[in-house]
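Open the model in a viewer and keep the selection panel at hand. The stops below say what to select and what is there.

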Amino acid sequence: MIGKFKFLLSLVALLSYLFPAFGAPAPNATLISVNQYAEKHVFAHFMVSQVPRIRSARLAILETNQIHTKVGIVRNYELDDWKTDMAVAQSIGIDAFALNCASIDSYTYSQLDLAYKAAAEVGFKVFISFDFAYWNNGDTANITAYMQLYGDHPGQMKYKGAAVVSTFVGDYFNWEPVKQGTSHPIYALPNLQDPAEATSLASKGADGAFSWLAWPTDGGNSIIPAPMTTVWDDRFFRFLEGKTYMAPVSPWFSTHFNSKNWVFICENLPTLRWEQMLSLKPDLVEIISWNDYGESHYIGPAEPHHSDDGSSQWANNMPHDAWRELYKPYIAAYKAGASSPTVDEDKIVYWYRPTPKGVVCTGDSLPPPNGVSMLSDSIFIATMLTSPATLTVQSGGNAPVSINVPAGITTSSVNMGVGAQQFTVTRGGQTILSGWGGLFVQNSCTHYNFNAYVGSISR
């Protein structure tokens, strides 16, 4: 099957190269008016290929030739695995997966086929995000072949009447030959590392841009001791000059590989970033990520058939499912053009690390992640309330802390204490929510883990 698939891709690429008119858009093919596509879309970055050693926008190209270890997250996926993920994503309002793909994996062909098949069967959408840590500017024929094969598939995500395609890095790739060699319209949204590069998008056939800068940073993987702002979004808006902006949203970022060992200051990002989206109202939003366990920003459920890139050390038994509960009303508000989310059920979502930042782990060959000193030792709680109430948190041996919180979604924090975490919400003298955190905070560890444990409490 894989051999046949490769042959078809090669044949399409060869025909496109030898006969430029092959697969060219029909003379009367036109894009539908932009005004007919006012709706917003939310996507999630989905790792088909995983690059455990490098996910830096500025290092990926420089270090491509040094990559020796690579594991595919979905190498062993079956059709039902894809369908399960897609159904869960649909349930919170996600419209499509951006399928991060490398060029060198034997399973890429078969897994893309399964992803598109599953999307068509469940009424979901997908599109390819070419990972330019592996693709390069000389891969035009192969990229064209992929877009010719999938661009008009029933499972393909379309925007403004054209098949969406994106990248990880790939700033300088020219999309014009791909468009000319494909028999259906293409809407290219490459990832730009520098917003100023947007001024040359037209000459490269791109229709807009995607930013990877979803965490507080001076660019790339530089970590700054400051809250997340919209400075990078503002620059993209300015340089895009009205072209489509696909903005990034991410709840977290910590990683502990030997070649990338850091944690961003992202503790309030699960709500702060969405509040920024509701204010900025970008054309599109892409969540980073659905299943990147290596960088600890996954929001998808645990999947028994995903391959392990070594991140199980910090991702196993560290669920992030409750972040989906938190994201759902924000996604609905973004799509509706609202300035705040609507809450129709009392609930809390909490997240916290397994240990205080100063604990020394006794069995780790690596030092603590870069950025640890900038973190706070805190327990974070997002209250989702239909009317005002009082949140009380007892963290370990610390004294209980009570906070009056308004209706809607509000993120609060209290000092972290070693031990059990207890959460209570009262209204009018009555307890309406009460429960314990699913993880004890410990004062000892074997390996450093700056991932977040995420849980929720509802009626």
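Predicted model: local features only at pLDDT ≥ 70, side-chain atom pairs only at ≥ 80, totals over all residues.

**Stop 1: Ser129**

Select strand β3, residues 125–131, where Ser129 is found. Ser129 counts as buried because its relative accessibility is 0%, and the cut-off for buried is under 20%.

**Stop 2: the cavity**

Next, select Ser254, Thr255, His256, Trp262, Ser296, Trp314, Pro369, Tyr448, Asn449, Phe450 and Asn451, which line the largest cavity. The structure holds one cavity of 30 Å³ or more, and the space in the largest cavity is about 50 Å³. Strand β9, residues 254–256, gives the most to this lining, with three residues. By class, the lining has five nonpolar and six polar residues, and no charged ones.

**Stop 3: helices α7 and α9**

Finally, select helix α7 (residues 269–280) and helix α9 (residues 321–336). Their axes come within 10 Å and cross at roughly 5°. Helix α7 is therefore roughly parallel to α9, since angles under 35 degrees count as such. On the α7 side, show Pro270, Thr271, Trp274, Glu275, Met277 and Leu278; on the α9 side, show Trp323, Leu326, Tyr327, Tyr330, Ile331, Ala333 and Tyr334. These residues make the contact. Colour them by class: the contact of α7 with α9 has 11 nonpolar residues, one polar and one charged.

Notes
Residues numbered from 1 in each chain as written. Heavy atoms only, no water. Axes fitted to C-alpha atoms, helices over the stretch in contact; angles between N-to-C directions. Helix = DSSP H or I, 4+ residues; strand = E, 2+ residues; numbered from the N terminus. Parallel < 35°, antiparallel > 145°, perpendicular 65-115°, else oblique. Contact = heavy atoms within 4.5 Å. Nonpolar A, V, L, I, M, F, W, Y, C, P; charged D, E, K, R; others polar. 1 Å grid on protein atoms, 1.4 Å probe; cavity = no way out; pocket = protein on both sides within 12 Å on 5 of 7 lines; lining within 4 Å. Points joined across faces, edges and corners; volume = space filled by probe spheres on them. Buried < 20%, exposed > 50% of the residue type's maximum accessible area, 1.4 Å probe, protein only.
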